Amino acid sequence: MSFLKELFGTEKPIIGLVHVRALPGDPFYKGEGMDAVIAQAKADLEALQNGGQR
């Protein structure tokens with residue numbers, strides 16, 4: 001059994017990445033609050049899971 005199949009249960013897993021908005025302390029942080037940052041990350045994750053459809 002290969003490492004990937006053992007770890008993910010499939011030979012060819014699809015791995016995605018969600019970037020988040022700038023966080024407090026970053027020069028580009030706009031002060032919208034963490035709830036907005038989390039909401040945007042969740043929306044992007046759902047779109048990724050749905051194959052890009054929002």
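This note goes through the predicted model point by point, from the whole chain down to single residues.

1. **Secondary structure.** The model is predicted. The protein chain has two helices and zero strands. Helix 1 covers 3-8 and helix 2 covers 34-49, with a loop between them.

2. **Overall dimensions.** The radius of gyration of the protein chain is 16 Å, whereas a compact globule of 54 residues would come out near 10 Å. Along the principal axes, the C-alpha atoms occupy a box of roughly 50 × 25 × 15 Å.

3. **Burial and surface.** How much of the chain is buried? Of its 54 residues, 6% count as buried. The accessible surface is about 4,700 Å². Carbon and sulfur atoms account for 58% of that surface.

4. **Contacts along the chain.** Take the contacts between residues at least 6 apart in sequence. Of these, 19% join residues at least 24 apart.

5. **Charges.** The protein chain carries 6 positive and 7 negative charges. The mean positions of the two sets lie 5 Å apart.

6. **The salt bridge.** How many salt bridges does the structure hold? The count is one. Glu 32 pairs with Arg 21, and their closest N and O atoms are 3.7 Å apart. The pair links distant parts of the chain, eleven residues apart. Both partners sit in the loop between helix 1 and helix 2.

7. **Exposure of the two partners.** Are Glu 32 and Arg 21 buried, exposed or partly exposed? Glu 32 has a relative accessible area of 31%, so this residue counts as partly exposed. Arg 21 is at 37% and is therefore partly exposed too. Buried would need a value under 20%, and exposed one over 50%.

8. **Other neighbours of Glu 32.** Leaving out residues up to four places away in sequence, Glu 32 touches Arg 21, Ala 22 and Val 37. Ala 22 is ten residues from Glu 32 in sequence. C-alpha to C-alpha, Glu 32 and Ala 22 are 9.9 Å apart.

9. **Gly 33.** Where does Gly 33 sit? Its place is in the loop between helix 1 and helix 2. Gly 33 has a relative accessible area of 22%, so this glycine counts as partly exposed. Val 18 is 15 residues away from Gly 33 along the chain. Their C-alpha atoms are separated by 18 Å.

10. **Asp 26.** Asp 26 is also placed in the loop between helix 1 and helix 2. At a relative accessible area of 33%, Asp 26 is partly exposed.

11. **Asp 44.** Asp 44 belongs to helix 2. Its relative accessibility is 23%, so Asp 44 counts as partly exposed. Asp 44 and Val 20 are 24 residues apart in sequence. In space, the two are 8.9 Å apart, C-alpha to C-alpha.

12. **Points to keep in view.** The model is a prediction. Two helices and zero strands make up its secondary structure. Buried residues come to 6% of the 54. The one salt bridge joins Glu 32 to Arg 21, within the loop between helix 1 and helix 2.

How values were computed: Residues are numbered from 1 along each chain as its sequence is written. This is a predicted model: local features need pLDDT of at least 70, side-chain atom pairs count only at pLDDT 80 or more; totals for chains, interfaces and linings use all residues. Side-chain values use heavy atoms; hydrogens and water are left out. Helices (H or I, at least four residues) and strands (E, at least two) are DSSP runs, numbered from the N terminus. The radius of gyration is taken over C-alpha atoms; the globule rule is 2.2 Å times the number of residues to the power 0.38. Buried means under 20% relative accessible area, exposed over 50%, partly exposed in between (1.4 Å probe, protein chains only). Contact means heavy atoms within 4.5 Å. Accessible areas come from the Shrake-Rupley method with a 1.4 Å probe; for residues, only the protein chains shown count as cover. Lys and Arg count as positive and Asp and Glu as negative; His and the chain ends are not counted. The place of a charge is taken as NZ of Lys, CZ of Arg, CG of Asp or CD of Glu. A salt bridge is a side-chain nitrogen of Lys or Arg within 4 Å of a carboxyl oxygen of Asp or Glu.
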